[in-house]
Amino acid sequence: MKTILVVDDEPTIRTLVAASFDGNGYRILEAADGAEALDLARREHPDLVLLDIVIPGVDGFEVCRRLKTEIAPHVPVLLLTGFDQQSYRERGFQVGADGFVAKPFSPAALVALIDRTLAAPAV
Amino acid sequence: MTTNTRVQERARPINSSPGVRGHLNELQLLRAAAQSRALMRAGMTVLSKLDEEALLTAALDAVWSLLRADLVAFFLTTDQEEQPRLRALSTPEGSQIIQEGDGASLSLPRKVLASRVPVEIDSPWQTSAPSRNGGTLRSVQSVLVVPLDVRGSRLGALAVGKRGSEPFRRDHVGIISTLAQQVALAVDNARRIDQARLKERRTRDLLDSVADALLVVDGGLRIVYLNQAAAALVRQPAERVLGRPVLEALRLLDEAGSSTPPEATPFPRAIKEGRVVTGTAVLALGEPASNVPVALSVAPVKAPDGQPAYAVAIMHDISREKKIQRMKTEFVSMASHEIRTPLAALQGFTELLLSRDVPPSVQQDWLSLMNEESTRLAILIEELLDLTRMESGRMRLRREPVSMAEVVRRVVALMERHERRPRFAVCLREDLPQVTADPGKLTQVLANLVGNAVNYSPPRSIVRIRVQRGCLAKPGTEHLGPLAEDGGVACPAGISVSVRDRGLGVAPQDLRRIFEPFYRAHAAKAEGAAGVGLGLAIAKAVVERHGGRMWVESSPGRGSTFGFCLPLDERWVQRQDGDGRLEGKPTADEGAVL
């Protein structure tokens, strides 16, 4: 069973993401801030990280950078964000993000995107 | 003292034309040649001085050395005074320049001074002007007075006196007349130069007082002038910049921060195209961090032949405007982000509920989450509209005389029902002056401050509310301006309200930023306190719309005091300051727990 780490400070969004994957054969881990996310990534070795940018403490960009450089370079990271400006996308790609999910999102489309991402051959 | 009338009566004009009669012998010729050389040298020395005092000193020396006169005096008019006054005096004891108000009282009758031809007076003439060695001048027997005229204007007179009563020698009269002409010319030159200097200094002062940066380049694009504001803008002393090519001294980048080809910058364009070129640019001043965005307009100045000879540039630092623009963009971006989160919950759960069979208990959970999020969205949109209306000035205030005591009572009554069961200590005087304000908006501001105090303090804490004439902020606490970096603006010093809690407190780095829209201090987020981060921004905007100023004092772990000061209505200030009835320490309700 593949493990997805969902990082968002809004419990409602974490619940929604977990509900979206319910019955789709994934294990969902939840973190509410950057430190917790890095800690869980180290201990639980998720297969994919769905990461909000605006989170308390270490922000999403920095969490992504650390995941990609130190903790889990080959694990895909999708940035989940309410900001859909170009500058955010550029910064996201600079720190190694593999893709973006803009809020609001369709749960079915999110599941499909993650299925596809995990099915793609590892780089 | 001078016997004016007598002098006047006995004054006799002399013929100043030194018509040469008979033959001169060789000795006389040699003496005349030596004399004219000496006169020439003396004249040159006098004319070379550009300063009135220096030239008068030189002139006294010249007359003295040429004639060994017992007394030489210069009388000069000024711009303010038509009557010539004694300005320089030379006697065997020494010479002196007389400043206005020195009290020297050597005078000549007005009529003699006004004469256009030399006048010789044979009468005793003395002065009470103190000589250098402290004594008083003895009288002289004969005086020759020569007018100082130049270019049609009367500058005064030169008076030369001697002890003997025999008439002045004709050649001496000639020498004195010639010297007088040269002195008059030199004085006139010096005064014209002074005036030109004064005019130039005035122009310079004027240009330096212009708040915008002003810079002039010549046809070769070299900087020939910059005012103080321009030197401050380019952060270099004017001397370091003057004479340098403008495009080298000021690196102009385009708005994106990339360099512009030299010929495309406004300076060469204004000169080449012969028209005003306006635009915005970025002034590169060393490191990227110190780049300054400027609005500039460059106007060509045409030479008499119609060719652009100079260009005058006005530059205006638009950092503040840019900052406001950036804040607006950020605000829109944050607003859209804040709206998207509850929207994501609403849209996501709706899709899930429609697309699959969900057990009723889970359905209930999701629906209550959706309910919470839609409430949050509604509050958010309400607050967003409030803030934008407030900041754009579209919010109409319904101003009326408001008693702050009444506002405090209303807010306390509202907050006492809060689930954290707060307690309130209110300190105010019932006879405080009223403020002219929108009571609803003021209640909203105070409710926000008190609400924060309650939310960020442990349950059943005491929140202290104080209202007082004057300012309640501690000395050194900054009153905030409309922009966070405006800090330290003046207190309107009318009536102030403070709300003190013993809660979380605010970290120094968050202190100013907590008033920015959507900014929520780290501690507040960690505490999971409700709100979207617009409350303080709205409170601050409301206070500012009332002409007031917000302030905050806090240290983490020891609580915060949020306060605001409002101006008093002019009518109240007049009425209250008269009898001082409202001065003095507050007494009512001190420390009472309601």
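**Figure 1. Overview of chain B.** Chain B exposes about 31100 Å², by the Shrake-Rupley method with a 1.4 Å probe, where for residues only the protein chains shown count as cover. Carbon and sulfur atoms supply 52% of that area. This is a predicted model: local features need pLDDT of at least 70, side-chain atom pairs count only at pLDDT 80 or more, and totals for chains, interfaces and linings use all residues. Residues are numbered from 1 along each chain as its sequence is written, chains are lettered from A and ligands numbered from 1 in the order in which they are written, and side-chain values use heavy atoms, with hydrogens and water left out. Chain B has 16 helices and 21 strands; these are DSSP runs (helices H or I, at least four residues; strands E, at least two), numbered from the N terminus. Of its 594 residues, 44% count as buried (under 20% relative accessible area; exposed is over 50%, partly exposed in between; 1.4 Å probe, protein chains only).

**Figure 2. Nonpolar cores of chain B.** A nonpolar core is a set of buried Ala, Val, Leu, Ile, Met, Phe, Trp, Tyr and Cys residues joined through side-chain atoms within 4.5 Å. The largest has 58 residues. Met404(B), Phe424(B), Val435(B), Val450(B) and Phe564(B) touch the most other members. Helix H13 (residues 439-455) of chain B gives the most to this core, 8 residues. Another core, of 35 residues, lies apart from it; Ala88(B), Val173(B), Leu179(B) and Ala186(B) are among its members.

**Figure 3. A surface patch around Val224(B).** Val224(B), Val301(B) and Tyr310(B) form a nonpolar patch on the surface. Together they have about 230 Å² of accessible area. Patch residues have over 30% relative accessible area and no salt bridge; like charges are joined within 9 Å, nonpolar side chains (Val, Leu, Ile, Met, Phe, Trp, Tyr) within 5 Å. A salt bridge is a side-chain nitrogen of Lys or Arg within 4 Å of a carboxyl oxygen of Asp or Glu. Val224(B) sits in strand E9 (residues 223-226) of chain B. Its relative accessible area is 38%, so Val224(B) is partly exposed.

**Figure 4. The loop at Gly96(A).** Chain A reads β-α-β-α-β-α-β-α-β-α along the sequence. Gly96(A) lies in the loop between helix H4 (86-94) and strand E5 (99-102) of chain A. Gly96(A) counts as partly exposed because its relative accessibility is 25%. Beyond neighbours within four places in sequence, Gly96(A) is in contact (heavy atoms within 4.5 Å) with Cys64(A) and Lys68(A). The C-alpha atoms of Gly96(A) and Thr69(A), 27 residues apart along the chain, are separated by 8.7 Å.
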